[in-house]
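Subject: Structure handover and findings

Hello,

Here is the structure for your files. My notes on what I found follow below it.

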Amino acid sequence: MIAVTGKSGPCAGARAQGPDDPYLGLSAEQAIRRAIEDYGSNLAVAASMGADSAVMLHMVSQIDRNIPIVFLDTGKHFRETLRYRDELIERFGLTGLINITPDHDRMLAEDPKGDLGQIDPDACCDLRKVRPLGGFIRKYAAQITGRKRYQARKRANMPILEPNGPQVKVNPLAYWTAGDVTAYMRKHDLPPHPLLSLGFLSIGCQPCTTRVAAGEDERAGRWRNTAKTECGIHYINGKWVPVPEKKTSGIFQDGIRPVRS
Ligand code: SF4
């Protein structure tokens, strides 16, 4: 295992003890470089173009501008998010943007009125996010995410190198604080998501995103007034597991029932 560095600041490595994690102790930049070494062309960045996506995209652009950047266009994003995507890609000179969209025929069949998110958000996320993204990104051995531990209680124990079924997720910013993010944004003069200043601290699809009040979790505005907190991965018995492709009446076909907190 790699030793914890004990440094502080935005580029510090993991500063707390975590689960067995081969990337523990690496700074964010080191984790990205290590992932490139370990997975080569079998690696993609999953970018939500959310509140602080500029950090991860900028960092990646400083290392390799040609890494595939996978963005899931659910058809329900804020227009500001799509504009932000285009701005960041152009500004950082990233060449590998891949825009994934849900299957048109499935959308017509399963969400003909476009209101499934209000009726059954799990089914809507399954249709618009899990299946299209899972079907595509599964071909990579590893994906880099911008997720952080502090964002939500369910991410509190997230390692940097996170097993994810046959794939791994690399979370270079896992141990970053909100202050680290702000400091990096300022240091590199990065543009914030335009909705951030309006109180949207975590930004997903428009119908399922609300402003966050002082003292709330950063992700409290997502799927507000429901038990849902994540879109494509469920937390079961203390472990992250990928969502199976199909489910029936709230019970996945393999018999695993999603746990809600
Ligand atoms: S976040 Fe909302 S609108 Fe977007 S896919 Fe999930 S339920 Fe549907």
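Of the protein's 261 residues, 49% count as buried. Buried means under 20% relative accessible area, exposed means over 50%, and partly exposed lies in between (1.4 Å probe, protein chains only). This is a predicted model: local features need pLDDT of at least 70, side-chain atom pairs count only at pLDDT 80 or more, and totals for chains, interfaces and linings use all residues. Residues are numbered from 1 along each chain as its sequence is written, and side-chain values use heavy atoms, with hydrogens and water left out.

The protein has seven helices and ten strands. These are DSSP runs, numbered from the N terminus: helices are H or I with at least four residues, strands are E with at least two. Contact means heavy atoms within 4.5 Å. Among contacts with a separation of 6 or more, 62% come from residues 24 or more positions apart.

Helices H1 and H2

The axes of H1 and H2 come within 10 Å and cross at roughly 55°. That makes H1 oblique to H2. Axes are lines fitted to C-alpha atoms, for helices over the stretch in contact, and angles run from 0 to 180 degrees between N-to-C directions. Angles under 35 degrees count as roughly parallel, over 145 as roughly antiparallel, 65 to 115 as roughly perpendicular, and the rest as oblique. The crossing of H1 and H2 is right-handed (the near helix is turned clockwise from the far one by less than a right angle). H1 contributes Ala28, Glu29, Ile32, Arg33 and Ile36 to the contact, and H2 contributes Met56, Met59, Val60 and Ile63. These residues divide into seven nonpolar, no polar and two charged. Here Ala, Val, Leu, Ile, Met, Phe, Trp, Tyr, Cys and Pro count as nonpolar, Asp, Glu, Lys and Arg as charged, and the others, Gly among them, as polar.

Helix H7

H7 covers residues 178-187, and its buried residues are Asp180, Val181, Tyr184 and Met185. Seen down the axis of H7, they fall within an arc of 135°, so they line one face of the helix. The arc is that of the directions from the helix axis to the C-beta atoms. The buried residues of H7 pack against H1 (28-39) and H2 (53-63). Exposed Arg186 and Lys187 sit on the face turned away from the buried side.

Aspartate 189 comes after H7, in the loop between H7 and strand S7 (233-236). Its phi is positive, about 50°, although aspartate 189 is not a glycine. Aspartate 189 is exposed, at 58% relative accessible area.

Methionine 49

Methionine 49 also has a positive phi, near 55°, and is a residue other than glycine. Methionine 49 is in the loop between strand S1 (43-46) and H2. Is methionine 49 buried or exposed? Methionine 49 is buried, with a relative accessible area of 0%. Leaving out residues up to four places away in sequence, methionine 49 touches Leu57, Ile69, Phe71, Thr81, Tyr84, Arg85, Leu88, Ile89 and His193. Methionine 49 and isoleucine 89 are 40 residues apart in sequence and 10.0 Å apart in space, C-alpha to C-alpha.

Glutamine 143

Glutamine 143 lies in strand S4 (residues 142-144). Glutamine 143 counts as buried, at 6% relative accessibility. Its contacts include Leu43, Ala44, Ile137, Gln167 and Lys169, not counting residues up to four places away in sequence.

Best regards
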